[in-house]
Amino acid sequence: RFVMMIRHVEAGDVAAVVELVRTTLAEFGIVFGEGAETDVQLEQLPGSYTGSGGAFFVAVDEAQVIGTAGLALVEPGLFELRKMYLRPEARGRGVGQLLFDACLAHAIAHGGKRIVLDTTEKMTTGIAFYERNGFVRDDTQRRAPRCSRGYRREL
């Protein structure tokens, strides 16, 4: 049985969030902490996101963090979707959609006009998910050196 909830990240989740992000990046040959300053910001959750008008959500199954998604406020009206990762056993079960829906609701409720993200072409499942959710390719949105693709979605 799959019982899961989406909630705002808490300080007690930080170690689990960092570990999930670290192991997911490793699947794609990316080293946590290299090529993106956003990795380090995870260690200061939730304040590193909420302090600037963003939000960070976790999917929790029986007290275990199985998914993450953050929304950082870049400038008024512009949010960046970050750190959307799922444990392998959570993939393909609708968890990512629920996390994204929470981020989308936050962006809309806080005056968002656009959501952007960057990723690597290796993350083909993630790219397909973003495109299904209305994102269009826009490589001007690439911020991290380790990312090879950018996307945007108007709200």
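Let's start with F135 and its contacts, meaning heavy atoms within 4.5 Å. Leaving aside neighbours within four places in sequence, F135 touches L81, F100, I115, L117, Y130, Y151, R152 and R153. A word on the source: this is a predicted model, where local features need pLDDT of at least 70 and side-chain atom pairs count only at pLDDT 80 or more, while totals for chains, interfaces and linings use all residues. Residues are numbered from 1 along each chain as its sequence is written, and side-chain values use heavy atoms, with hydrogens and water left out.

Now the core. A nonpolar core is a set of buried Ala, Val, Leu, Ile, Met, Phe, Trp, Tyr and Cys residues joined through side-chain atoms within 4.5 Å. Buried means under 20% relative accessible area, exposed over 50%, partly exposed in between, with a 1.4 Å probe and protein chains only. The largest nonpolar core has 25 residues, and L81, M84, L99, I115 and F135 touch the most other members. Which elements give two or more residues to this core? They are β2 (55–61), β3, β4, α4, β5 and α5. Helices (H or I, at least four residues) and strands (E, at least two) are DSSP runs, numbered from the N terminus. The largest share of this core, 7 residues, comes from α4. Apart from it lies another core, of 19 residues, among them V14, V17, I30 and V60.

Next, helix α5, residues 124–132. Its buried residues are I127, F129 and Y130. Down the axis of α5, they fall within an arc of 160°, so they line one face of the helix. That arc is taken from the directions from the helix axis to the C-beta atoms. The face turned away carries the exposed residues T124, T125 and R132. The cover over the buried residues includes β4 (78–86), α4 (95–109), β5 (114–119) and β7 (149–154). After α5 comes G134, with a positive phi near 90°.

Last, the largest pocket. On a 1 Å grid over the protein atoms alone, a pocket is an open set of points where a 1.4 Å probe fits, with protein on both sides within 12 Å along at least five of seven lines; lining residues have an atom within 4 Å of a point. The largest pocket is lined by 40 residues. Which lie nearest its centre? M84, Y85, M123, G126 and Y130 do. β4 gives the most to this lining, with 7 residues.
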